[in-house]
Amino acid sequence: MRGYVAGRLLLFLPAMLGVVTLVFFLGRALPGDPVDLMLGEGAPAERREELRRALHLDDPLPMQYGRYLWDLSRGRLGVSLRTRRPVAEELAAALPQTARLAGAALGLAVLLALPAALASARGGAARRWVRAATSAGLSLPTFFLGPVLLLVFAVWQPWFPVSGADEPGAWFLPAVTLAVPTSALLCRLLSASLSEEMGREYLTAARARGLGEGTAFRRHGLRNALLPAVTVLGLQLGGLLTGAILTERIFRWPGLGTLVLGAIGSRDYPVLQGAVLLFALLTLAATLATDLLYGFLDPRIRRDG
Amino acid sequence: MARGGGVSRKAAAALVLAWMAAAALAPLLAPAPYAGQDLEHRLEGPSARAWLGTDDLGRDVLSRALYGARVSLAVTAAALAIALVAGTLLGAAAGYWGGLLDQALGRTVDVLLALPGILLAIAVVAYVGRGFSPLVLALSATAWVGYARVARALALSLRGRDFVTASRACGAGGVHVLRRHILPHALGILWVQAAAGAASVMLAEAGLSFLGLGIQPPHPSWGEMLATGCDCLLEAPHLALVPGALLFSAVWALNTLGESLSEGMDPGRRHRVDAV
């Protein structure tokens, strides 16, 4: 198991280094001089010179890259051009809000998908309905579902607040908006793997041993069917973050998505770079965690390496 | 099961054709110019004068929706075409030749997969600028990865086959083998992949436009119309509902068509469906 974990970690590092490099060069390739962005075009020449030196903008590119890596390794992400606060602080303030939203959405997605997939595995009319519902759920744009939910449950029936994150229950509508596409995908995969496991011989064997239909299924079928779903759930975190950017825009939720959009609007590149790095780190960490969980759930994968 | 699938497949095909026709004929079908403002009739609901109402600047929603279909379909088609060609060529070359090229492609794909698609697209738009070409570039920059992976896997499995060995024994070079033997074999599967991916490209386009990073006003797109609708949700809900429903119908149709194509490609799955 230790070798397995080490192997996965080794794969994680080059990808992260690649993302860091990409972010660095995107930052250098941006149109316009960062000095102009910080001081405005009409600033006096000596102040511009001073700032250029302070930011090490005249150093050769490899040196700048080395310095960037060094700063990163010590957690220094630069300063926001807009608020003048350290980027790390801005990210730290926004991350918990997005995490709260994504966590609630993930929970809701599982709550919706599991019963639907179980019903679908029984076949018949339920299967057709679940299939139609998931196909609608997969095609439903977040930025259509969100306004519809707002309209019905915040405007016509004012049960929930229209925007923000402060009032109790404010998380519910955005979380549902975010949960629906994930839930549809999860349900698809779960019902596919459930119907695959239903015909397996070990289930027949379990029934032959005298286990009831339900017990045999719960103890053996479900556990095996969950494996592929767990993988997808982990890989879906990227999708959830994407959805979070759009959902936060609709519900004016003060998370990472709102931070990114504000940074684009005001050309606040340090914040944009920091946010891209954080998103990538989260996605890679989720992939890694999924791999490890998968190895934990299925001993065969661990052994084969 | 099979019959029910057939009905939705036909409905999906009809919808896709209808949207393509609407996009192509928008100048003929639209009752008003898409940018024609009429500030005396702002935020009006559907009426005999404007069938789907008017927006915050008094522009005709139906006309904007028809022209918006043009933008959505054109951007989706262009981004998909670039992604398919670039992904296929890079993936097939990496799979066939292997070595350093394959290593480089593998690392690049790892990095791109670590970034949520829309964030990469946002980064591209933030650095390159806004408009039709940056939008297409941003969307294809994320979409090519999937085709490259499939093309690479196909090339890897095809390069050891006897007909490839025979061709090389006759003195054919790598480019010839790729063009005459590998790509023709791989294209069928890649087409199906592209059909299945069209819906997600269209959603991504609408998402970027929704965030204000797509086609710039006064040109309409469904995502941009939805953003306006979100801001006027209290006064004029139809502004969000109309483009939302249109986008949903188009994405559903593309998804359903793509799915039925992939099911048709996979005989094992078709067999199971028939057996149910």
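Predicted model: local features only at pLDDT ≥ 70, side-chain atom pairs only at ≥ 80, totals over all residues.
1. Two residues are in contact if their C-beta atoms, placed from the backbone, lie within 7 Å. On that basis, 39 residues of chain A are in contact with 35 residues of chain B. On the chain A side, the elements that give two or more residues are helix 1 (2-29), helix 6 (125-139), helix 7 (142-156), helix 11 (237-251), helix 12 (256-265) and helix 13 (269-297) of chain A. By class, this side of chain A has 30 nonpolar, seven polar and two charged residues.

2. The scores are ipTM 0.78 and pTM 0.82. For chain B, the mean pLDDT is 83, with 93% of its residues at 70 or more.

3. Helix 3 of chain B has the highest mean, at 91. Helix 11 (residues 267-275) of chain B has the lowest, at a mean of 44. Over residues 269-276 of chain B, pLDDT stays under 50. For that stretch the model has nine contacts beyond four places in sequence.

4. Overall build of chain B. The secondary structure comes to eleven helices and zero strands. From the N terminus on, the order of elements is α-α-α-α-α-α-α-α-α-α-α. Taken along the principal axes, the C-alpha atoms of chain B fill a box of roughly 75 × 50 × 35 Å. Chain B has 276 residues, and buried residues make up 49% of them. Take the contacts in chain B between residues at least 6 apart in sequence: 69% of these join residues at least 24 apart.

5. Helix 3 against helix 6 in chain B. Two packed helices are described by the angle between their axes and the distance between the axes. Helix 3 (residues 61-97) of chain B and helix 6 (residues 132-158) of chain B pack at an angle of about 35°. Their axes are 5 Å apart. The crossing of helix 3 of chain B and helix 6 of chain B is right-handed. By class, their contact has 27 nonpolar, six polar and two charged residues.

6. The largest nonpolar core. This core has 157 residues. Those with the most contacts inside it are A:Val19, A:Val260, A:Ala275, A:Val276, B:Ala121, B:Ile122 and B:Leu139. Helix 3 of chain B gives the most to this core, with 17 residues.

7. What does A:Val260 touch, not counting residues up to four places away in sequence? The partners are A:Ile245, A:Leu272, A:Ala275 and B:Ile122. A:Val260, A:Ala275 and B:Ile122 are among the core residues with the most contacts.

8. Helix 12 against helix 13 in chain A. The axes of helix 12 of chain A and helix 13 of chain A come within 8 Å and cross at roughly 145°. The crossing of these two helices is left-handed. From helix 12 of chain A, A:Leu256, A:Leu259, A:Val260, A:Ala263 and A:Ile264 meet A:Val271, A:Leu272 and A:Ala275 in helix 13 of chain A. The residues of this contact divide into eight nonpolar, no polar and no charged.

9. A:Asp291, buried or exposed? A:Asp291 is found in helix 13 of chain A. A:Asp291 counts as buried because it has 20 C-beta neighbours inside 10 Å, and the cut-off for buried is 20 or more. The C-alpha atoms of A:Asp291 and A:Val230 are separated by 9.6 Å. Along the chain, A:Asp291 and A:Val230 are 61 residues apart.

How values were computed: Residues numbered from 1 in each chain as written. Chains lettered and ligands numbered in written order. Axes fitted to C-alpha atoms, helices over the stretch in contact; angles between N-to-C directions. Helix = DSSP H or I, 4+ residues; strand = E, 2+ residues; numbered from the N terminus. Left-handed = near helix turned anticlockwise from the far one by under 90°. Nonpolar A, V, L, I, M, F, W, Y, C, P; charged D, E, K, R; others polar. pLDDT = per-residue confidence, 0-100. Core = buried A, V, L, I, M, F, W, Y, C linked by C-beta atoms within 7 Å. Buried ≥ 20, exposed ≤ 12 C-beta atoms within 10 Å, placed from the backbone.
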